[in-house]
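Colleague: I'd like to learn how to read a model like this one. Could you take me through it feature by feature?

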Amino acid sequence: MDTLKSLQVFKAIVEKGSFTKASEQLNMSLAMTSKHLQHLENHVQAKLLHRNNRNLSLTEVGQQYCAEAIQAL
């Protein structure tokens with residue numbers, strides 16, 4: 001899986017605050033959006049987001065990684 005694309009997906013999820021809105025913006029299926037996030041979490045070996053049906057928030061590692069991802073992009 002393309003890590004650069006996964007970073008773009010992660011950034012969109014954080015900016016939109018939603019997997020659904022990010023997937024719509026990126027013209028990508030919700031399942032693929034989720035797979036990109038899973039790829040990044042496996043890559044850094046840590047959870048990047050706390051998520052449930054109603055809320056989405058960055059973990060501490062996710063906050064640091066997000067700042068680095070934005071600079072990298």
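Colleague: What percentage of the 73 residues count as buried?

Modeller: Burial goes by relative accessible area: buried is under 20%, exposed is over 50%, and partly exposed is in between, using a 1.4 Å probe and protein chains only. Here 32% of the 73 residues count as buried. Before we go on, this is a predicted model, where local features need pLDDT of at least 70 and side-chain atom pairs count only at pLDDT 80 or more, while totals for chains, interfaces and linings use all residues. Residues are numbered from 1 along each chain as its sequence is written, and side-chain values use heavy atoms, with hydrogens and water left out.

Colleague: Fine. How many helices and strands are there in the protein?

Modeller: Helices (H or I, at least four residues) and strands (E, at least two) are DSSP runs, numbered from the N terminus. This protein has four helices and two strands, and along the sequence they come in the pattern α-α-α-β-β-α.

Colleague: And what radius of gyration does the protein have?

Modeller: The radius is taken over C-alpha atoms, and the globule rule is 2.2 Å times the number of residues to the power 0.38. For 73 residues a compact globule would come out near 11 Å, and the protein agrees, with 11 Å. Its C-alpha atoms fill a box of roughly 25 × 25 × 20 Å along the principal axes.

Colleague: How much of the contact count comes from residues 24 or more positions apart?

Modeller: A contact means heavy atoms within 4.5 Å. Taking contacts with a separation of 6 or more, 46% are between residues 24 or more positions apart.

Colleague: Let's zoom in. Where is Ser6 placed, and is Ser6 buried or exposed?

Modeller: Ser6 sits in helix H1, residues 3-16. Its relative accessibility is 0%, so Ser6 counts as buried.

Colleague: Which residues is Ser6 in contact with, leaving aside neighbours within four places in sequence?

Modeller: Met1, His36, His39 and Leu40. For His36 there is also a side-chain link to look at. A polar contact is a pair of N or O atoms within 3.5 Å; within protein, one must be able to donate a hydrogen and the other to accept it, and residues adjacent in sequence count only if both atoms are side-chain atoms. The side chains of Ser6 and His36 are joined by one of 2.8 Å.

Colleague: What does the His36 end look like, buried or exposed?

Modeller: His36 is buried, at 6% relative accessible area, and belongs to helix H3. With neighbours within four places left aside, His36 is in contact with Met1, Asp2, Lys5, Ser6, Val9 and Met28.

Colleague: What about Glu41, buried or exposed?

Modeller: Glu41 is also placed in helix H3, which covers residues 30-44. With a relative accessibility of 10%, Glu41 counts as buried. Beyond its neighbours within four places, Glu41 is in contact with Ala46, Lys47, Leu48, Leu49 and Arg51.

Colleague: Which helix does Val61 belong to, and what does Val61 touch?

Modeller: Val61 is in helix H4. Not counting residues up to four places away in sequence, Val61 touches Ala46, Lys47 and Leu48. Val61 counts as partly exposed, at 36% relative accessibility. Its C-alpha atom is 23 Å from that of Thr20, which is 41 residues away along the chain.

Colleague: Where does Ala69 lie, and how far is Ala69 from Gln8?

Modeller: Ala69 lies in helix H4, residues 60-72, and counts as buried at 4% relative accessibility. Ala69 and Gln8 are 61 residues apart along the chain, yet their C-alpha atoms are separated by 8.2 Å. For Ser6 and Ala69, the sequence gap is 63 residues and the C-alpha distance is 10.0 Å.

Colleague: Now backbone angles. What is the phi of Asn27?

Modeller: Asn27 has a phi near 55 degrees, a positive value in a residue other than glycine. Asn27 is in the loop between helix H2 (19-25) and H3, and is exposed with a relative accessible area of 72%. Gln45 is not a glycine either and has a positive phi of about 55 degrees. Gln45 is placed in the loop between H3 and strand E1 (49-51), and counts as exposed at 71% relative accessibility.
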